[in-house]
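Let's walk through this structure together, one element at a time. Please have the sequence and the 3D view open as you read.

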Amino acid sequence: MTVNQILNAKGKNVYSVRSTTTVYEALKVMGEKNIGAILVIDGTDLKGILSERDYARKIVLKDKSSKETYVHEIMESNVFSVNLSNNIEDCMELMSTKRIRHLPVLEEGIVVGIISISDVVKAIIEIQKDTINHLNSYISQ
């Protein structure tokens with residue numbers, strides 16, 4: 001299964017904020033969209049990713065104000081990404097080795113989607129269900 005197949009099943013919605021957005025405003029968008037991380041995009045350039053974990057560790061625990069701190073101050077700027085042709089095994093390995101939960105999907109340097117660890121797990125479960133059904137059919141014949 002490829003990243004393109006995952007995105008075709010889940011949708012290609014991409015939610016983002018600019019690096020000059022306040023952390024508070026970014027959190028409001030995350031809350032409205034019910035997402036745990038949001039991409040930071042200036043123009044068409046992927047600049048970083050902001051997660052709930054970043055907020056907890058870099059704002060709450062350091063007693064900073066989310067209304068006075070800009071996204072670029074706490075975002076993760078070293079973003080790992082995949083493209084539409086990557087397979088699910090590539091994603092699992094990258095997420096596991098880099099200990100990340102979200103992967104932006106880029107084509108020719110432009111963000112075209114994002115997948116999460118739960119998207120990958122759902123895809124694996126579907127593959128396993130298909131394999132089980134195929135084996136059951138084979139045995140029943």
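**Strands, turns and charged pairs**

Strands β4 and β5 run antiparallel and are joined by six bridges. Please keep in mind along the way that this is a predicted model. To find your place in the pairing, look at P104, whose bridge partner in β5 is I114. Strand β5 covers residues 110–116, and it is mostly covered, with five of its seven residues buried.

Now follow the chain to the turn of this hairpin, where two residues sit between the strands. E108 is found there, in the loop between β4 and β5. E108 is not a glycine, yet its phi is positive, at about 55 degrees. That deserves a second look, because most residues other than glycine have a negative phi. E108 also has a relative accessible area of 83%, so it counts as exposed.

You will find N34 in the loop between α2 and β2. With a relative accessible area of 71%, N34 is exposed.

Strand β2, residues 37–42, runs antiparallel to β3, and six bridges join the two. A handy landmark here is I41, which has L46 as its bridge partner in β3.

Let's turn to charges. Side chains of opposite charge can pair when their charged atoms come close. How many salt bridges does the structure hold? There are four, and we can look at some of them in turn.

Start with K10 and D119, whose side chains meet in a salt bridge at 2.9 Å, N to O. K10 belongs to helix α1 (residues 3–10) and D119 to helix α6 (residues 117–140), so this pair ties together parts that are 109 residues apart in sequence.

The next pair stays within one helix. E25 forms a salt bridge with K28, and their closest N and O atoms are 3.9 Å apart. Both lie in helix α2 (residues 23–33), and because they are three residues apart, about one helical turn separates them. E25 is partly exposed at 36% relative accessibility, and K28 is partly exposed with a relative accessible area of 37%.

R53, R57, R99 and R101 form a positive surface patch. One of these residues, R101, lies in the loop between α5 (88–98) and β4 (102–107). That brings us back to β4, which runs antiparallel to β5.

Methods:
Residues are numbered from 1 along each chain as its sequence is written. This is a predicted model: local features need pLDDT of at least 70, side-chain atom pairs count only at pLDDT 80 or more; totals for chains, interfaces and linings use all residues. Side-chain values use heavy atoms; hydrogens and water are left out. Patches are made of residues with over 30% relative accessible area and no salt bridge: like charges are joined within 9 Å, nonpolar side chains (Val, Leu, Ile, Met, Phe, Trp, Tyr) within 5 Å. Accessible areas come from the Shrake-Rupley method with a 1.4 Å probe; for residues, only the protein chains shown count as cover. Lys and Arg count as positive and Asp and Glu as negative; His and the chain ends are not counted. The place of a charge is taken as NZ of Lys, CZ of Arg, CG of Asp or CD of Glu. Helices (H or I, at least four residues) and strands (E, at least two) are DSSP runs, numbered from the N terminus. Buried means under 20% relative accessible area, exposed over 50%, partly exposed in between (1.4 Å probe, protein chains only). Two strands pair if DSSP finds at least two bridges between them.
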